[in-house]
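Hi,

Here is the structure I promised to pass on.

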Amino acid sequence: IGQYRRALAEQRPVTFEYTHEDRILSVKVSHLETGEAGHPRFSYIAQDVTEMRTSQNKLEEVVRERTR
């Protein structure tokens, strides 16, 4: 809910990541408009980035091991 509030307050898309079960999701929340009843409307787009993050973490570990 905090990310929705932030998107509304800043009037710009907010991007964040979180883990759901065993997946890592990258999410973008955007305020679209305020409806007739006065309730804000949002767009919520999620992308599974689990494989990308896993590969990135492995690469960072290899770099750390080689720079010791």
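Is Tyr44 buried, partly exposed or exposed? With a relative accessibility of 38%, Tyr44 falls in the partly exposed class, because that class lies between the 20% and 50% limits. Please keep in mind that this is a predicted model.

I then turned to the aromatic rings, and a search of the whole structure gave 3 aromatic pairs. One of them joins Tyr4 and Tyr44: the ring centres are 6.3 Å apart and the planes meet at 5°, so this pair is stacked. It brings together distant parts of the chain, since Tyr4 sits in helix 1 (residues 2-10) and Tyr44 in strand 3 (residues 40-48), 40 residues apart. Tyr4 is partly exposed too, at 29% relative accessible area. Ring pairs also bring in Phe42, so that Tyr4, Phe42 and Tyr44 make up a cluster.

Phe16 and Tyr18 form another stacked aromatic pair, with 6.2 Å from centre to centre and 25° between the planes. The two partners fall into separate classes: Phe16 is buried, at 18% relative accessible area, whereas Tyr18 is partly exposed, at 31%.

Finally, a word on Ser30, which belongs to strand 2 (residues 23-34). Its relative accessible area is 16%, so Ser30 is buried. Leaving aside residues up to four places away in sequence, Ser30 is in contact with Pro13, Arg41, Phe42 and Ser43.

Best wishes

Definitions and conventions: Residues numbered from 1 in each chain as written. Predicted model: local features only at pLDDT ≥ 70, side-chain atom pairs only at ≥ 80, totals over all residues. Heavy atoms only, no water. Phe/Tyr/Trp six-rings, centres within 6.5 Å; stacked < 30°, edge-to-face > 60°. Helix = DSSP H or I, 4+ residues; strand = E, 2+ residues; numbered from the N terminus. Buried < 20%, exposed > 50% of the residue type's maximum accessible area, 1.4 Å probe, protein only. Contact = heavy atoms within 4.5 Å.
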